[in-house]
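Subject: Structure handover

Hello,

Here is the structure for you to look at. My notes follow below it.

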Amino acid sequence: MNWLSKLIGRGEPEYDAGAGTMVFGGAEPRIAGSSSDLPSFRNPAGRITRRFARAGAQDARALIRDAFTPSQPVNERAMFAGRRNLLENLIVAIEDQRLHFVLYGDRGIGKTSILHVLSDLAADADYLVCYISCGDRMSFTDFARRIAQRIPLLYHGDYAPGSVEIEKGMHLADILPQGDIDVSTFGETLGKLSDRRILMLLDEFDRVETDEFRRSIAELIKTLSDRAAPAQVVIAGVAPDLAELIAQIPSIRRNVLGVLVPNMSDEEVGEMLAIAERRTGLTFGEEARELIELASLGLPYLVGLVAQHAALLATDRGEMAIGKGDVREAIRKSRTELSGRIAARTLHAIARASQGDQLIELGKLAHAALRAGGVLAEEMVPLAVREAAGGKPVGAELLEPIEGDPLGRWHFVDDGASIYIWLSALCAE
Ligand SMILES: Nc1ncnc2c1ncn2[C@@H]1O[C@H](COP(=O)(O)OP(=O)(O)OP(=O)(O)O)[C@@H](O)[C@H]1O
Ligand SMILES: [Mg+2]
């Protein structure tokens, strides 16, 4: 038994070439009902108010889905676990240091959830918060107009209270020029704001494909800093470091703080589970909790995914207590669920690694990447892979050097591959 299979272990995965997915042996719990029944939604889509203890089986499932939302960021303060130090540091950076900052970290580490809570806290302190989720084709003009639509002209120094424009309820967007908006025009306009600080949150920044937009945001940060404008920019995205996110603009480094979102500690994972326990009335046994801590590697996405499956399995058995067995099975189910979201090419490569007895080695690499914000130091990548990227050795098509990374680090090509490999390694014997 190796270090992974001691954790959990049963059965090799089989590759189902037809379906393009990996399938584990062992029966999946069946949904009650005759085979001729058409499928139906099992949960009402309305708001859930009753607690699990008083709810029927249907509502119990809905409650669990409401308590763990692996596919959605946290939208409610009550659902947000941990991250106290990080939030405190961010608040100091905004309030005292008046810095702009880049919040970066691997997929599913909780960047958007942090931005949501931060925006809530900032709104409580009377900041005018503008949250924008970037798209791949985002232009600076789109960005500027969207922000300006949220800022009442009341806060523009050139417009006195009681003026016609303010009485009409006009916004900054109404005084921006037609057509394209350049950085200096927008920066100048923001520089004229008074009596209210503006916090601009730019999420999913890594999705932006044009360098021009990145460069414009960097220039805007520089302009706002130089003018001491009451407006700050917070950027969030997946990036191994700032250099990749803000395209090589040294002039703004002094004004921008880079903040890596770390993996959660065991206490923080425990807090996530405790919130879910309070919401549902279910309980995680000690061993179940430990296994979730271990298997999730402190990734909140993985905590939510595994814990949700485990909770559903327990309720299917009519139990309120979630045991280690439920978590084990939940890891398998999570893995199967993830296989549907990974490119067939990647699944083939992982299946090859499993057949070639190298899944555990690959699992170790995935483990290292998941613990380190999605990146691997060059020396961690096996020499055969480094020398033959794109060639035959197992893993060669799964890993690639990070483009332009000054440290020469590597990462998994496919976004979801590291989590899927890690779960596969956990399940393998
Ligand atoms: N502090 C937290 N407390 C509770 N749940 C959290 C927390 N942070 C993240 N989560 C959960 O983890 C999952 C991923 O979070 P989120 O979407 O915020 O991550 P992300 O870093 O923005 O991901 P992506 O890179 O895909 O945009 C979500 O299901 C969210 O509910
Ligand atoms: Mg996000």
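Which atom of ligand 1 lies 2.7 Å from a polar side-chain atom of Lys111? An oxygen atom of ligand 1 does.

First, the ground rules. This is a predicted model, where local features need pLDDT of at least 70, side-chain atom pairs count only at pLDDT 80 or more, and totals for chains, interfaces and linings use all residues. Residues are numbered from 1 along each chain as its sequence is written, chains are lettered from A and ligands numbered from 1 in the order written, and side-chain values use heavy atoms, without hydrogens and water.

**Ligand 1**

Ser113 also has a polar side-chain atom 2.6 Å from an oxygen atom of the ligand. Tyr301 uses a polar backbone atom, 3.4 Å from an oxygen atom of ligand 1. (Polar contacts here are pairs of N or O atoms within 3.5 Å.) The protein buries 90% of the 630 Å² that ligand 1 exposes when taken alone (Shrake-Rupley method, 1.4 Å probe).

The shell divides into 12 nonpolar, 6 polar and 5 charged residues. Helix 4 gives the largest share, 3 residues. (Helices are DSSP runs of H or I, at least four residues, numbered from the N terminus.)

**A helix pair**

Helix 11 (residues 286-296) and helix 13 (residues 324-339) pack at about 30 degrees, axes 7 Å apart. They are therefore roughly parallel (angles under 35 degrees, on a scale from 0 to 180 degrees between N-to-C directions).

Best wishes

Terms used. Helices (H or I, at least four residues) and strands (E, at least two) are DSSP runs, numbered from the N terminus. Angles under 35 degrees count as roughly parallel, over 145 as roughly antiparallel, 65 to 115 as roughly perpendicular and the rest as oblique. A polar contact is a pair of N or O atoms within 3.5 Å; within protein, one must be able to donate a hydrogen and the other to accept it, and residues adjacent in sequence count only if both atoms are side-chain atoms. Ala, Val, Leu, Ile, Met, Phe, Trp, Tyr, Cys and Pro count as nonpolar, Asp, Glu, Lys and Arg as charged, and the others, Gly among them, as polar.
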